[in-house]
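Student: I am new to this structure. Please show me how to read it, one feature at a time.
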Amino acid sequence: MKEILVCGGTGCISGDSRLVHDALEQELSRQGLEAEFKLKYTGCHGFCEQGPVILVTPKDNFYCKVAPQDVPNLIHQLKEGKVYDELLYVEPTTNERILTRHDVPFYKKQQRLVLKNCGIIDPENIDDYLSSCGYKSLQKVLKLQPEQVIQEIKTSGLRGRGGGGFPTGTKWDFARKSVADNKYIICNADEGDPGAFMDRSLSEGDPHAVLEGMLIAGYAIGAQEGYIYIRAEYPLAVKRLSIAIEQAKARGYLGKNLLGSKFDFSIKIKQGAGAFVCGEETALMESIQGNRGMPRPRPPYPAVKGLWDRPSNINNVETLANVPVIMEMGSERYAQIGTEKSKGTKIFALTGKVNNTGLAEVPMGITLREVVFDIGGGVSDGKKFKAVQIGGPSGGCLTEEHLDLPIDYDSLLEAGAMMGSGGLVVMDESTCMVELARFFLSFSRHESCGKCTPCREGNTRLLEILQRIVEGNGEMEDLDRLQSLGENIIQSSLCGLGQTAPNPILSTLKYFRQEYELHVKNKVCPAGVCKALLSYKVMEDKCKACGLCKKSCPTEAITGEKKQAHKIDVSKCAQCGVCMEKCPFDAIIRG
Amino acid sequence: MEDISKLIDKYRGSHGGLIPLLQEAQDQAGYLSRETLEQIAEGMKLSLAKVLGVTTFYSQFHLKPRGKNIIRICMGTACHVRGGASIMAKLEEELGIKTGETTKDLEFTLESVACIGACGLAPVMSINDDIHGKLTPEKIPEILAKYRRQEAV
Ligand SMILES: Cc1cc2nc3c(=O)[nH]c(=O)nc-3n(C[C@H](O)[C@H](O)[C@H](O)COP(=O)(O)O)c2cc1C
Ligand code: FES
């Protein structure tokens, strides 16, 4: 039977994919085609840029930007066994229509292991998950000894996808060896990094895979209870996880004596309340306990003393979703993917000034060039590539010289960046790196919980320095202050927030020092972003004295009579840029 | 108030029940009033300081009522010189509140921001996710009415 898979991810829903789904449902029933076509409302396909998207199997035809009014024509073609050309993806460089999803450049270099069900199964229907080998890994695991399961994960080389890249098998081993009356598995679905949404997509698109990962982890370390800590800003993910939990209970995949074994396991959902620092593991546990989400020093590590002082194992959503995949394909085969020390795949959220934004799962060790140019389709509006920021507010930037760097945990650290959550923001020549650093720092400072001084006070001072640089009041000594204070904060902060907050500054200072110097010495922002450093000028030889700029200037800063080149009074100018937009002769420049 | 005691009963025995309790209490009223917080502290056998400490830590919780529609008026330079102040004055007059406040009927909250990034359309304001540009004081009542109506249906 043919399947019509309509994307029901958050991105496509905001483009009204629900209406498309409903129109399809009506049309299929009107024409009595329900037996021929199975309609499904799935999770995210990753190519949110082109949403709402539809995939039609078995031929893998991929339709983009579908509107409800397209439905009659689409069904008409499908009924005849044809393809509806109008809605196929158009390759922007060749203008060619591409027939199947796997030939779309965005998907070509991807290796969708963890995302294999996302966009394919109906996340609100456990039968769909079961029919794509769901809970098979759990069955396999329950026949093994817990130690054997841990050994499998160790052999696979899986490392934590939540940012730190700690080996998952080793972490489980610690928790297994702690003795206690009760232990916990915690799934970290807080995903606070602005620009990352892989955990949301996984929870929305394949919630049972997350539950199965937690079950396997629970069996391995000897825990009976699990918590999913998820940010309240993800209502759809909360809903789909809750449905999945109920369905798994009803089918005996959660509860007592699972699948006839002696293993009991239950899962609860806890919603966050809007605090970035609660993604940090010790703060997260405080928050579950109903307290202010403040981190505490480690050791003791959660594996020894975690939630309610019991040994706890905390993993990220994507890490846990890797677990059933590993058990299904075998750890040795899994370990063949990726680089020597970073195994498997990683999901990146590709955003910023890039043509194809969305989620892409690629093998570790892929180069940045492949991600940005082959999958991402290059920089948008034909502009020049400047840098990518990887890892959000705790990460760093990579430049042109890194384009051929194979991306893995260690190569990124060496380059002064970090994997973080896998947010990849592409920047072009019109991005000011100093302003970008200021932006990230103001985020981190705002989210600092205030418990330790280096982070609370230090980041505030860093922000003040950056603020004066972008306002044109910086001095050269400020650059050294940024460097030494930044290093100091990294050394002395209590938790990962403070320990990484200065990273965006240090890495932009390293790779774009000249841009900082121009701001400080020459009072110029080469990207034309920092308003205080901009001034608008009329080039007299080009000015035809048409008076348009004068008319449109909101501050009456422009003067000039007929047939006389106009002038801008810098003291009155509000740097709004309207005159430059209005000038028909390109006679006004900014610099 | 009765509902709050029911909520408290629901969470009293539960481990770490304070945050979900605050979330549900806020869902009911749109914010957390002093009385609600006092009642929660008493019912949960916690100090008011503890309850307030948790409430103020998380950005999701509001201690003052907020409107259904959030108006953000741009006070960036370009908007300011193009009469942003007169727009703000008109809004304050129409709504009967000052910037930073919420109307009594909880329809609107009025806030100011530094720049919306639409300086070419100055003066600008945003209501929820919509941007309204090229404003004049005369246009304000009409725009507000549209949001009031939307709420009515
Ligand atoms: C400030 C801060 C925020 C964090 N936010 C997250 C997050 O949103 N999601 C996440 O999985 N890990 C986050 N982490 C990392 C967690 O502390 C923890 O290392 C991770 O959940 C462990 O899972 P893993 O081993 O599977 O990666 C954050 C860490 C810090 C310091
Ligand atoms: S939400 Fe539809 S492709 Fe991402």
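Tutor: Start with the pocket. On a 1 Å grid over the protein atoms alone, a cavity is a set of points where a 1.4 Å probe fits but cannot get out, while a pocket is an open set with protein on both sides within 12 Å along at least five of seven lines; lining residues have an atom within 4 Å of a point. A molecule sits in one if more than half of its atoms lie within 2 Å of its grid points. Here, ligand 1 takes the space of the largest pocket.

Student: What should I know about the model itself?
Tutor: The model is predicted: local features need pLDDT of at least 70, side-chain atom pairs count only at pLDDT 80 or more, and totals for chains, interfaces and linings use all residues. Residues are numbered from 1 along each chain as its sequence is written, chains are lettered from A and ligands numbered from 1 in the order in which they are written, and side-chain values use heavy atoms, with hydrogens and water left out.

Student: How much space lies in the largest pocket, and how many residues line it?
Tutor: Rolling a probe the size of a water molecule over the atoms shows where empty space is left. The volume is the space filled by probe spheres set on the points, which are joined across faces, edges and corners. For the largest pocket, that is about 1300 Å³. Its lining has 47 residues, with Gly162(A), Gly163(A), Gly164(A), Gly279(A) and Glu280(A) nearest the centre.

Student: Which element gives the most to that lining?
Tutor: Helices (H or I, at least four residues) and strands (E, at least two) are DSSP runs, numbered from the N terminus. β10(A) gives the most to the lining, five residues. β10(A) also leads in the shell around ligand 1, with three.

Student: Which residues are closest to ligand 1?
Tutor: A residue is near a molecule if one of its heavy atoms lies within 4 Å of it. The shell holds 18 residues, and Gly162(A), Lys171(A), Asn315(A), Asn316(A) and Thr319(A) are the closest.

Student: Where are the polar contacts?
Tutor: For a ligand, look for a pair of N or O atoms within 3.5 Å. A backbone N or O atom of Gly162(A) is 2.7 Å from an oxygen atom of ligand 1. Polar backbone atoms of Arg161(A) and Gly192(A) each lie 3.3 Å from a ligand oxygen. By the Shrake-Rupley method with a 1.4 Å probe, the protein covers 86% of the 610 Å² of accessible area that ligand 1 has on its own.

Student: Which backbone features stand out?
Tutor: Most residues other than glycine have a negative phi, and most peptide bonds are trans. Thr57(A) and Pro58(A) are joined by a cis bond, omega about 0°. Pro58(A) is in the loop between β3 (54–57) and β4 (61–63) of chain A. Arg298(A) to Pro299(A) is also cis, with omega near -5°. Lys523(A) has a positive phi, near 55°.

Key: Polar contact = N/O pair within 3.5 Å; in protein donor to acceptor, adjacent residues only side chain to side chain.
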